[in-house]
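These are my notebook entries from a sitting with this model.

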Amino acid sequence: MPLFPTERNVRTTPEGLLWEPSERWVRGLKGDVTVVDSRHPVLVWEPELPVPCHAFPREEVRTDLLRPARNPTPGKHTGSQIFYDLEADGEPVANVAWTFPAADLAGHIAFEWFWRWGSGLDHWFEEEEEIFIHPRDPHKRVDAMPSSRHVQVEIGGTVVADTHRPVLLFETGLPTRYYIPREDVRLDLFEPTDHRTGCPYKGTARYWSWSGEGEVPRNIVWSYAEPLAAVAPVQGLVAFYNEAVEIVLDGERLERPVTPFTAMLKS
């Protein structure tokens, strides 16, 4: 018996999947058509994928809109063999759904979210809030905390940011990110780019690249103009990839962390 009634009950399948029931009301739409309307979703973590996906009871899915996939991709999604195409809102979507080969998840159908393979449903909602990129992980925290610590950022020996009023963003599984007021950043040394990313915890970010000398990855600086309410303190502030710059915190030079972004920045 769990120590507390709300203690999470994560389960493991022989295939290596982790899953747990969710109490959130989840809906997925293709255009104006509601394809999923579930009050009994399941969160599933596939091996080697850092974020979860949802699986839904068949009776909470518009299975009348699903067709056996014309060109299935067997083996993808932890050995799944059954895939579905979607026909809704006049636009067919290939391999948008599948069933996991796990007895625990029999009777459930999982769906692609748009970020993974460039296809999926158009809109997802948890309760009345639209969720972007991928489902939120209930075991992950993101806290944005104003601070008076002294943060300096250097690139190739040039100090590009210096502040005593950062906002520190603590996100489970990632290094602390230091968000700095624009007035304390040498943005004149950077060029805006067209690059954009989305995060279900923070919102949509825009980017800048270093315009000076040296081999510096592109898009190492970002900012959220309209962050989600949970991280409102970072609005309009600027952050740098710790993996690609030198950060001095209260006089101590920090080691560059190695994260999944390290390889991405080198590509």
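**Asp122 and its partner.** I started with Asp122, which is partly exposed at a relative accessible area of 32%. I use buried for under 20% relative accessible area, exposed for over 50% and partly exposed for in between, with a 1.4 Å probe and protein chains only. Asp122 makes a salt bridge with Lys30, and the closest N and O atoms are 3.1 Å apart. Asp122 sits in the loop between helix H2 (114-117) and strand E11 (123-126), while Lys30 belongs to strand E3 (residues 26-30), so the pair ties together parts 92 residues apart in sequence. Lys30 counts as buried, at 6% relative accessibility.

**Ground rules.** I note that this is a predicted model, in which local features need pLDDT of at least 70 and side-chain atom pairs count only at pLDDT 80 or more, while totals for chains, interfaces and linings use all residues. Residues are numbered from 1 along each chain as its sequence is written, and side-chain values use heavy atoms, with hydrogens and water left out. My helices (H or I, at least four residues) and strands (E, at least two) are DSSP runs numbered from the N terminus.

**More salt bridges.** I take a salt bridge as a side-chain nitrogen of Lys or Arg within 4 Å of a carboxyl oxygen of Asp or Glu. The count by this rule is 18 salt bridges. I looked at Glu87 and Arg67, whose side chains meet in one at 3.9 Å, N to O. Glu87 is in strand E8 (residues 82-88) and Arg67 in strand E7 (residues 66-68), 20 residues apart, so I file the pair as a link between distant parts of the chain. Both ends are partly exposed: Glu87 at 38% relative accessibility and Arg67 at 34%. I also found a salt bridge between Asp37 and Arg39 (3.5 Å, N to O), and a network of salt bridges that links Lys140, Glu171 and Lys202.

**Around E8.** What encloses this strand? Of the 7 residues of E8, 5 are buried, so the rest of the structure largely encloses it. I call two strands paired if DSSP finds at least two bridges between them. E8 pairs with E7 in the antiparallel sense over 3 bridges, with Leu66 opposite Leu86. E8 also runs antiparallel to strand E9 (residues 91-99), joined by 6 bridges, and here Ile82 stands opposite Thr99. The hairpin of E8 and E9 has 2 residues between the strands, and Asp89 takes a positive phi near 60° there.

**A four-stranded sheet.** I traced an open sheet of 4 strands in the order E18-E19-E20-E21, with antiparallel pairing. Strand E18 (190-199) and strand E21 (238-240) are at the edges with a single partner strand each, so one side of each has no neighbour in the sheet. E18 is joined to strand E19 (residues 203-210) by 7 bridges, and Cys199 has Gly203 as its bridge partner in E19.

**UniProt record.** The unreviewed entry places "domain: DUF427" at residues 31-111 and 151-243; such annotations may be inferred rather than shown by experiment. I read residues 31-111 as 5% helix and 47% strand, with end C-alpha atoms 15 Å apart. Residues 151-243 come out as 0% helix and 46% strand, with end C-alpha atoms 16 Å apart.
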